[in-house]
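Please look over the sequence and the model shown here before reading on. The report is meant to be read with both at hand.

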Amino acid sequence: MKEKVYVHKAIEPDDLSVKGKKRYAALIADVLGPNEFAIVQPKHDGVYAQFLFDEGLQMWRAWSRTGEEYLSVGQDSGIIKAFDQTANIDRGYIGELWLPSVQHSVINGRARKKSPQYLELVLFDSFDRTATDTEDRETYRERMEYLFKGDSVSVVRNLHVRDKLFHENDLYDMARELTRRGPSAYDGLMLKDANGLFKPGRGKDGEAIKIKPRKSGDFRVVGTTKGKGNRAGGIGALVVDLGNGSTCEVGTGLSMVDVFDRDFTNKIVEVEYLGVTKDGKLREPAYKAIRHDKTEADILDFTKKTED
């Protein structure tokens, strides 16, 4: 038997609707400014789980995103016992089955076993199951009030971001730092609107946004552009071959030594970027270094959307 679960799926900034991109810009401005309604959370690299109280069986049960039951967190687990003691039976609870510094594949394997397993749960949302509307009208700030702590259960807390972020890119740098904490643990950040509603489906309007670490590729330099302003007489940008029939200009990250005194002819360079545009270009590329250790460049594949 499958259970009907309601999922509000967070997506990355590039996939947001026009309305969502406006909300994203407002959230970024709030994080960098007054920080009154933008919430920044670590994104745990675990397995999605939704907890619902079964009125017929009079017990809490855990379900996957697609409605299969997780028997690994059955009645003998500390997680379910914590729900019995603390949770509101009129609500659904959403979280990640997780183990710090354990690879996602291991966590996923444990979660799908048919016998009790040691797993931890990080709760990050809840919703009112008694609501007559298909859309939960509670704001995220209100829904967080129903989250709790118990045995093997922890609630996501806001990261302390004040005085640390000065630019949107700082969020991506923070996401990268989180992913370095062990072989798994985290896979980025979540940026949420405290006033956002729970809307089943893909969250294109920006109530919850995934901030993944910058991607990186090693591409061959096939040319340069002429510098202007303080780069006049030097390099304006590197032109790199993405290996898929497209080229891209990379000017951010070049030092004055790079601009005036470095020979990039036919070199392979490391480039960090936030994502790939629909026409196969790098989004906000930045030069990092020459890869003297490589003789073969990467090929950028943009035939499918990447949401890793």
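Predicted model: local features only at pLDDT ≥ 70, side-chain atom pairs only at ≥ 80, totals over all residues.

## The mixed sheet

Five strands come together in an open sheet with the order S4-S3-S5-S6-S8, and the pairing among them is mixed. Because strand S4 (59-63) and strand S8 (153-155) each have a single partner strand, they stand at the edges, and one side of each is left without a neighbour in the sheet. From one strand to the next, the twist averages 35°.

Within this sheet, strand S3 (residues 47-54) pairs with strand S5 (residues 91-98) in the antiparallel sense, over five bridges. Phe51 has Tyr93 as its bridge partner in S5.

## Helices across the mixed sheet

Helix H2, which covers residues 78-86, lies across S3, S4, S5, S8 and strand S6 (120-128), and it runs at about 35° to S6. Helix H3, covering residues 104-111, lies across S3 and S5, with its direction at about 25° to S3.

## The antiparallel sheet

A further open sheet is formed by five strands in the order S15-S14-S13-S16-S19, and here the pairing is antiparallel. Its edge strands are strand S15 (247-250) and strand S19 (286-290), each of which pairs on one side only. Neighbouring strands of this sheet are turned against each other by 45° on average, when direction is ignored.

Strand S13 (residues 215-226) and strand S16 (residues 268-273) are joined in the antiparallel sense over six bridges, and the bridge partner of Phe219 in S16 is Val269. In general, the strands of a sheet pair through backbone hydrogen bonds, either parallel or antiparallel.

## The largest pocket

The largest pocket holds about 670 Å³ of space. It is lined by 37 residues, of which Lys43, Tyr48, Arg65, Glu96 and Phe124 are the closest to its centre. Sorted by class, the lining comprises 15 nonpolar, eight polar and 14 charged residues.

## Salt bridges

The structure holds 19 salt bridges, one of which is formed by the side chains of Asp173 and Arg214, with a distance of 4.0 Å from N to O. This pair links distant parts of the chain, since Asp173 belongs to helix H5 (residues 168-179), whereas Arg214 lies in the loop between strand S12 (208-211) and S13, and the two residues are 41 residues apart.

Methods:
Residues numbered from 1 in each chain as written. Heavy atoms only, no water. Pairing = 2+ DSSP bridges. Helix = DSSP H or I, 4+ residues; strand = E, 2+ residues; numbered from the N terminus. Axes fitted to C-alpha atoms, helices over the stretch in contact; angles between N-to-C directions. Contact = heavy atoms within 4.5 Å. 1 Å grid on protein atoms, 1.4 Å probe; cavity = no way out; pocket = protein on both sides within 12 Å on 5 of 7 lines; lining within 4 Å. Points joined across faces, edges and corners; volume = space filled by probe spheres on them. Nonpolar A, V, L, I, M, F, W, Y, C, P; charged D, E, K, R; others polar.
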